[in-house]
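Q: Can you walk me through the disulfides in this one? Start wherever you like.

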Amino acid sequence: MFKTLLVIALLPVAYSWSCPEGSIETVDGCDCGTGFWYDGLSCVDINECQLYKPCQQGFCVNYVGTYDCICDDGFEYDGNTCLDIDECVEDFGICRGGQCFNLVGTYWCNCTMEGTAPCLQTCLPQEQCDVYERMQEQLNDVTQVFNNDL
């Protein structure tokens, strides 16, 4: 192992070595900049998605020298990772007279106004919620019949 390190250390002297284009020569070797590492010969892209797994609440896309997160619903990209959106703060009054509770990736409405119920992620009059639930049941029935016919 010592011989290998010695040979690598002497390569720059023996072959008038210089850092790859776009990198900076340092005391320790070459600095290839953010998103790259120096492998002894060239600057190589770091796959941040595999190495750091920065997008826990989304999908990571690696690009040359950088990465991007496509966040799940209820999360937003802050330049580094996917952060929970506090819907209760972002959309004040989202629960229409009820109390909003932020949850990871979503929120919940505690409907405190008399005659209201939680549906469609807000507080609506109970009659409207009943109509919505009946429509949802009918849609589910139609979908089931359609799927059975396939």
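Disulfides

A: C49 is joined to C60 by a disulfide (a pair of cysteine sulfur atoms within 2.5 Å), with an S to S distance of 2.0 Å. This is a predicted model, in which local features need pLDDT of at least 70, side-chain atom pairs count only at pLDDT 80 or more, and totals for chains, interfaces and linings use all residues. Residues are numbered from 1 along each chain as its sequence is written, and side-chain values use heavy atoms, with hydrogens and water left out.

Q: Which parts does the pair C49 and C60 tie together?

A: C49 sits in helix α2 (residues 48–52) and C60 in strand β5 (residues 58–63), so the link ties parts eleven residues apart in sequence. Helices (H or I, at least four residues) and strands (E, at least two) are DSSP runs, numbered from the N terminus.

Q: Is C49 buried or exposed?

A: C49 is buried, at 15% relative accessibility. Buried means under 20% relative accessible area, exposed over 50%, and partly exposed in between (1.4 Å probe, protein chains only). C60 is buried too, at 16%.

Q: How many disulfides in total?

A: The count comes to nine.

Q: What about C55, which cysteine does it pair with?

A: C55 forms a disulfide with C69, the sulfur atoms 1.8 Å apart. C55 lies in the loop between α2 and β5 and C69 in strand β6 (residues 66–71), so the linked parts are 14 residues apart in sequence. C55 is buried at 7%, and C69 is buried at 6%.

Q: And C100, buried or partly exposed?

A: C100 is partly exposed, at 22% relative accessibility. The disulfide of C88 and C100 has its sulfur atoms 1.9 Å apart and is left-handed, with -75° about the S-S bond.
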